[in-house]
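Dear colleague,

Please find below the structure that I am handing over to you. I would be grateful if you could look through it before reading the notes that come after it.

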Amino acid sequence: MQHAFLHTIETPTGETTLTITYQHTPPSRGSRGTHGEPEEPDEESEVEILSIVDTNGKDYEPEEIENIYSHCWDHFENNAE
């Protein structure tokens with residue numbers, strides 16, 4: 001499921017507001033055999049960053065934003081239904 005939120009960062013010229021769009025994939029249990037033995041591994045929940053754009057349309061790479069994945073997880077956890 002896709003999510004988006006605003007995040008403000010400091011730049012040399014002042015504060016800049018970013019729109020961060022990310023995809024959350026929920027965890028999934030791998031398949032099990034007839035006796036409950038795992039045949040495929042379980043997959044953990046994950047976040048994939050799709051885009052980071054400022055108000056002027058400039059794109060950013062995730063590596064450019066400090067703690068970006070933590071911000072996405074915080075947003076997801078605070079807005080989970």
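The notes below go through a few residues one after another.

Please bear in mind that this is a predicted model.

Strand β2

Setting aside residues up to four places away in sequence, Glu15 touches Thr8, Ile9 and Glu10. Between the C-alpha atoms of Glu15 and Ser51 the distance is 19 Å, and the two residues are 36 apart in sequence.

Beyond the residues up to four places away in sequence, Thr16 touches His7, Thr8, Ile9, Thr11, Asp54 and Tyr60.

Apart from neighbours within four places in sequence, Thr21 is in contact with Gln2, His3, Ala4, Ile49, Leu50 and Ser51. Asn78 is 57 residues away from Thr21 along the chain, and their C-alpha atoms are separated by 16 Å.

The loop between β2 and β3

Glu43 is found in the loop that runs between β2 and β3, the latter strand comprising residues 46–54. Its relative accessible area is 53%, which means that Glu43 is exposed, as the value is over 50%. Glu43 also takes part in a patch of negative charge on the surface, where it gathers with Glu37, Glu39, Glu40, Glu46 and Glu48.

The loop between β3 and α1

Asn67 is found in the loop between β3 and α1, the helix of residues 68–79. The phi angle of Asn67 is near 60°, a positive value in a residue other than glycine. Most residues other than glycine have a negative phi. How accessible is Asn67? At 48% relative accessibility, Asn67 counts as partly exposed.

Yours sincerely

Conventions:
Residues numbered from 1 in each chain as written. Predicted model: local features only at pLDDT ≥ 70, side-chain atom pairs only at ≥ 80, totals over all residues. Heavy atoms only, no water. Contact = heavy atoms within 4.5 Å. Patch = residues over 30% accessible without salt bridge, like charges linked within 9 Å, V, L, I, M, F, W, Y side chains within 5 Å. Areas by Shrake-Rupley, 256 points an atom, 1.4 Å probe, with all protein chains shown as cover. Salt bridge = Lys/Arg side-chain N within 4 Å of Asp/Glu carboxyl O. Lys, Arg positive; Asp, Glu negative; His and termini not counted. Charge placed at Lys NZ, Arg CZ, Asp CG, Glu CD. Helix = DSSP H or I, 4+ residues; strand = E, 2+ residues; numbered from the N terminus. Buried < 20%, exposed > 50% of the residue type's maximum accessible area, 1.4 Å probe, protein only.
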